[in-house]
Amino acid sequence: MPYIDTHTHIYTEEFDADRAEVITRAQRAGARMLLLPNIDASTIEPMLRLCHDYPDLCYPMIGLHPTELPADPQPVLQHMEHMLQQPDHPFCAVGEVGIDLYWNQSRREEQITTFAQQAEWAIRYHLPLMIHSRSAHRDLVSTLLPLREELTGVFHCFGGTAEEAEELLTTFPGFVLGIGGVVTFKKSKLPAVLRTSVPLSRIVVETDAPYLTPHPYRGERNEPSRIPLVIAKLSEIYDLPLPQVEQQLIENTLRTFPRIAPITP
C-alpha cells in the first residue's frame with residue numbers, strides 16, 4: 001500500500017531505541033515519504049540529522065509549535081527564518097505552527113502573533129503551512145483570513161464538526177485536512193463528518209507519531225507503519241476501492257507539498 005505520512009515526529013526521543021526498525025517497518029508497509037514537522041529549537045538538529053540519513057524518504061519542516069513558545073520567542077524565530085533564507089534549505093513546509101488554547105489561554109495573544117509571523121514566512125518563501133489548532137478554531141480563521149489567497153497547507157489532525165470542516169475548506173481553498181488515527185476510533189464522529197462534508201480530494205493522511213495510534217492499537221506508541229489502517233478506514237468511509245484512495249491521497253500530498261519529489265510506482 002503506497003502512502004506518504006505527512007506528519008510524523010520519529011526524530012524524537014520516543015524512537016531513540018528502535019528508529020531504524022520503525023523506518024524499516026514503515027517502508028515495508030508502503031511508506032514512500034515521511035514528512036517531519038519541527039517542534040522547537042531543540043528538535044531542529046535531530047530532525048535534520050534523520051533527513052540526512054534518509055534523504056529520499058524523510059523531508060523536514062521548520063516552525064515553532066504553539067505550546068513550545070519560550071519566554072521570548074523572537075530569537076528562535078529569527079534563527080528559523082535565517083535557515084529559510086538559505087537558497088539550498090531543505091524544508092518542505094513551515095510547521096508545526098498554529099494556536100493551542102486547550103490547556104492554557106494565558107499566552108493567547110503571543111501564540112496568535114507568532115502564528116501570524118510564521119504564516120508570513122510561508123508566503124515569503126513559497127511554502128505550505130502545517131497548522132496545529134486546538135480549541136482555537138475562531139482565532140485560527142481570523143488570523144489566516146487576511147492571507148487566505150496566498151496560503152496553502154494542511155489543517156493537521158482535523159477533528160472538528162461538519163460546519164468547521166466546510167468553513168475551512170471553503171474559506172481556504174489551498175488547504176487540505178490532515179486525517180490520522182482518530183478516524184478509526186470506535187466512538188469517533190469524524191467518519192460522518194468526512195462522508196458528508198469533505199471530498200477525498202481535500203484529505204492527506206498522517207500519524208502524528210508517537211501520538212494518536214489507530215484502532216486496534218490505541219494506547220500503544222504510534223508509528224508510520226500504522227497509516228494503512230487509516231487508509232483502509234477512508235476506503236470504507238468513501239466506499240471506494242483501496243487503490244483509488246491510495247492514489248488520490250498521494251496526488252493530494254504532492255499537490256500540497258510541491259518541494260517533495262514525485263513518486264514512481
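Let's start with Phe 175. Phe 175 is buried, at 1% relative accessibility. Buried means under 20% relative accessible area, exposed over 50%, and partly exposed in between, with a 1.4 Å probe and protein chains only. Keep in mind that this is a predicted model, where local features need pLDDT of at least 70, side-chain atom pairs count only at pLDDT 80 or more, and totals for chains, interfaces and linings use all residues. Residues are numbered from 1 along each chain as its sequence is written, and side-chain values use heavy atoms, leaving out hydrogens and water.

What does Phe 175 pair with? Its partner is Phe 155, and the pair is stacked, with 4.6 Å centre to centre and 25° between the planes. Rings of Phe, Tyr and Trp (its six-membered ring) pair if their centres lie within 6.5 Å; planes under 30 degrees apart are stacked, over 60 edge-to-face, the rest tilted. Phe 155 sits in strand β6 (residues 153–155) and Phe 175 in strand β7 (residues 175–179), so the pair ties together parts 20 residues apart in sequence. Helices (H or I, at least four residues) and strands (E, at least two) are DSSP runs, numbered from the N terminus. Phe 155 is buried too, with a relative accessible area of 3%. The structure holds four aromatic pairs.

Next, Cys 157. Cys 157 is in the loop between β6 and α6 (162–171). Leaving aside residues up to four places away in sequence, Cys 157 touches Gly 178, Glu 206 and Leu 212. Contact here means heavy atoms within 4.5 Å. Ile 131 is 26 residues from Cys 157 in sequence, and 8.8 Å away in space, C-alpha to C-alpha.

Now look at Leu 212. Leu 212 lies in the loop between β8 and α8. At 30% relative accessibility, Leu 212 is partly exposed. Pro 210 lies in the loop between β8 (203–205) and α8. The peptide bond from Ala 209 to Pro 210 is cis, with omega near 20°. A cis bond also joins Gly 95 and Glu 96, with omega about 15°. Glu 96 is in strand β4 (residues 94–100).

On to helix packing. The axes of α7 (residues 190–197) and α8 (residues 227–238) come within 10 Å and cross at roughly 50°. Axes are lines fitted to C-alpha atoms, for helices over the stretch in contact, with angles from 0 to 180 degrees between N-to-C directions. The two helices are therefore oblique to each other. Under 35 degrees is roughly parallel, over 145 roughly antiparallel, 65 to 115 roughly perpendicular, and the rest oblique. Which residues meet? Pro 191, Leu 194 and Arg 195 in α7 meet Lys 233, Leu 234, Ile 237 and Tyr 238 in α8.

Last pair. Helix α4 (residues 108–124) and helix α5 (residues 137–144) have axes that come within 10 Å and cross at roughly 40°. So α4 and α5 are oblique as well. In α4, Arg 108, Ile 112, Phe 115, Ala 116 and Ala 119 meet Asp 139, Leu 140, Thr 143 and Leu 144 in α5.
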